[in-house]
Every structure is written in structure tokens, then in C-alpha cells.
Amino acid sequence: NSDLDTAWTVRWIRRSAEVLAAERAALNTLDRDIGDGDHGENMDRGFQAVLPKLDGLADDATPSTVLKLLATTLISTVGGAAGPLYGTAFLKAAGATAAVGTLDGMALVALLTAARDGIVLRGKAGAGDKTMIDAWSPAVDAAQAAQSAGGSAPAVLTAAADAAARGAQDTEPLVARKGRASYLGERAIGHRDPGAQSTALLLRAAVDATRV
Ligand code: ADP
Ligand code: MG
Ligand code: MG
């Protein structure tokens with residue numbers, strides 16, 4: 001049985017923190033091109049802040065309670081647009097998985113869908129607005145397709161991560177309609193959206209965390 005448990009959720013966050021620290025400068029550079037240059041710093045701060053809290057988890061922690069801890073930490077420590085957006089995403093993801101102790105493919109689709117819907121609720125971005133939604137939405141669609149085809153939990157996550165990576169790349173030719181990059185008009189063309197890139201990194205970390 002390849003369902004994912006609380007330990008996977010903790011590994012996902014730890015791996016995310018590791019990757020975001022390594023990619024901090026690269027994410028700042030993307031954000032310097034079309035924003036204010038702090039996206040790597042913001043993400044690194046938020047994920048570093050949750051690490052000590054993971055060491056003190058209660059024995060009855062579930063994937064949902066761990067996601068909720070991440071959400072509240074991101075909301076309280078990350079300034080800027082990304083804090084409340086990712087915070088809402090993980091809060092909704094926690095809500096969507098509250099009833100279960102382990103996550104199968106269907107639960108992961110529910111988790112990813114709720115996260116994406118939370119970001120849309122909060123930020124009102126649509127497809128093609130050159131935001132993190134352009135990574136999340138293809139990820140949700142690919143996860144759904146993989147789950148419908150009978151894919152295991154890791155297969156669902158791999159499909160999501162692959163689609164998010166393509167989605168992040170596909171933000172490069174776009175003009176931004178939300179966030180700071182929208183002030184640039186056509187000058188945003190040719191630059192990858194930093195939030196779409198961090199989403200791709202987070203979903204790849206979720207796959208990495210399935211390999212113990
Ligand atoms: P700030 O722009 O406040 O400095 P960050 O640099 O941390 O915040 O995050 C910027 C990222 O947030 C963008 O690259 C984009 O992906 C995302 N973003 C900004 N506004 C929105 C929105 N309304 N909906 C979805 N994502 C958004
Ligand atoms: Mg910024
Ligand atoms: Mg900022």
C-alpha cells in the first residue's frame with residue numbers, strides 16, 4: 001500500500017525547506033526581474049520557521065494537522081503576497097484532508113484542488129495571469145487524470161509535479177495580470193513567474209518525500 005502518512009507530510013515540509021533554501025537566490029533573481037526581489041527570502045523564512053515546530057509534534061498528529069501548522073506559520077512569518085496565498089492554500093488543504101489518517105490518490109487530488117481553490121479565493125487570479133495559479137492548475141488537472149487512470153499516491157504526485165514544472169516554464173511568455181509583475185505590462189514577457197516556480201519546487205519536494 002503506497003498511501004502517504006503523517007511522516008510523509010513532515011518529510012514533504014522538511015524537503016521543501018531544504019530546496020527553498022538552496023533555491024533562495026534563484027527565486028529572488030526571478031522576483032527581481034518582475035517584482036521586488038524577495039520571493040526566495042519570503043519562502044525560505046516561512047519554511048525555516050516551521051522546522052523547529054515539526055520536532056515537537058504530538059503523537060496524534062495527522063497529515064491535516066501538520067498542513068495546518070505549516071499554514072499558520074506561513075501566514076504569521078511570511079510578508080508579501082506569497083504568505084497569505086500559500087497560507088490559505090495549506091489551510092484549505094488541511095481542511096480537505098481532515099477526515100483521514102493517510103492519503104491515497106483521491107485524497108491527494110482533494111488536497112491539491114483545495115489548495116488551488118484557496119489561492120484563487122484569496123488572490124482572484126485566473127489561468128494565464130502569470131501567477132502561481134499557472135503551476136497549481138495544471139498540477140491539479142494532471143493529478144486528477146493520474147488518479148482517474150488508477151495511479152498510486154506517488155504517481156498522482158509525480159503527475160502533479162511534472163505539470164507544475166511545465167506550467168511554471170509556460171509563464172515565461174505571459175503578460176502578468178495580478179501581483180507586482182502586472183505593473184510591468186509587456187516588460188514581464190520573457191521572465192518566469194517566481195511564485196509559479198516555487199510551486200513547482202514544492203510539488204517536486206512532495207515527490208521526493210515519497211522516497212524514504
Ligand atoms: P510580493 O509580491 O508581495 O513581494 P512574493 O514576492 O513573495 O510577494 O510573491 C510573489 C508571487 O506571488 C508572484 O510571483 C505570484 O506567483 C504570486 N501572486 C501575486 N499575486 C497573486 C494573486 N493575486 N494570485 C495568485 N498569485 C499571486
Ligand atoms: Mg516579491
Ligand atoms: Mg515583497
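E186 lies in the loop between α8 (153-169) and α9 (194-208) of this predicted model, where helices (H or I, at least four residues) and strands (E, at least two) are DSSP runs numbered from the N terminus. E186 is exposed because 7 other C-beta atoms lie within 10 Å; a residue counts as exposed at 12 or fewer such neighbours, as buried at 20 or more and as partly exposed in between, with C-beta atoms placed from the backbone.

Residues are numbered from 1 along each chain as its sequence is written, and chains are lettered from A and ligands numbered from 1 in the order in which they are written. Because the model is predicted, local features need pLDDT of at least 70 and side-chain atom pairs count only at pLDDT 80 or more, whereas totals for chains, interfaces and linings use all residues. The average pLDDT (the predictor's confidence in each residue, from 0 to 100) of the protein is 97, and 100% of the residues score at least 70. For the complex, the predictor gives an ipTM of 0.99 and a pTM of 0.98.

The protein comprises nine helices and zero strands. The radius of gyration, taken over C-alpha atoms, is 16 Å, close to the 17 Å given for 212 residues by the globule rule, so the protein is as compact as a globular protein of that length; the rule is 2.2 Å times the number of residues to the power 0.38. The C-alpha trace spans about 50 × 40 × 30 Å along its principal axes. Of the 212 residues, 56% count as buried.

Two helix pairs were examined. The axes of α3 (residues 39-55) and α4 (residues 63-77) come within 9 Å and cross at roughly 130°, which makes α3 oblique to α4. Axes are lines fitted to C-alpha atoms, for helices over the stretch in contact, and angles run from 0 to 180 degrees between N-to-C directions. Angles under 35 degrees count as roughly parallel, over 145 as roughly antiparallel, 65 to 115 as roughly perpendicular and the rest as oblique. Contacts (C-beta atoms, placed from the backbone, within 7 Å) involve residues including R45 and G46 of α3 and L69 and L70 of α4.

Helix α7 (residues 133-148) packs against α8 at about 150°, with the axes 7 Å apart; the two are therefore roughly antiparallel. Among the residues that meet are D134 and A135 in α7 and A155 and V156 in α8.

Terms used: Two residues are in contact if their C-beta atoms, placed from the backbone, lie within 7 Å.
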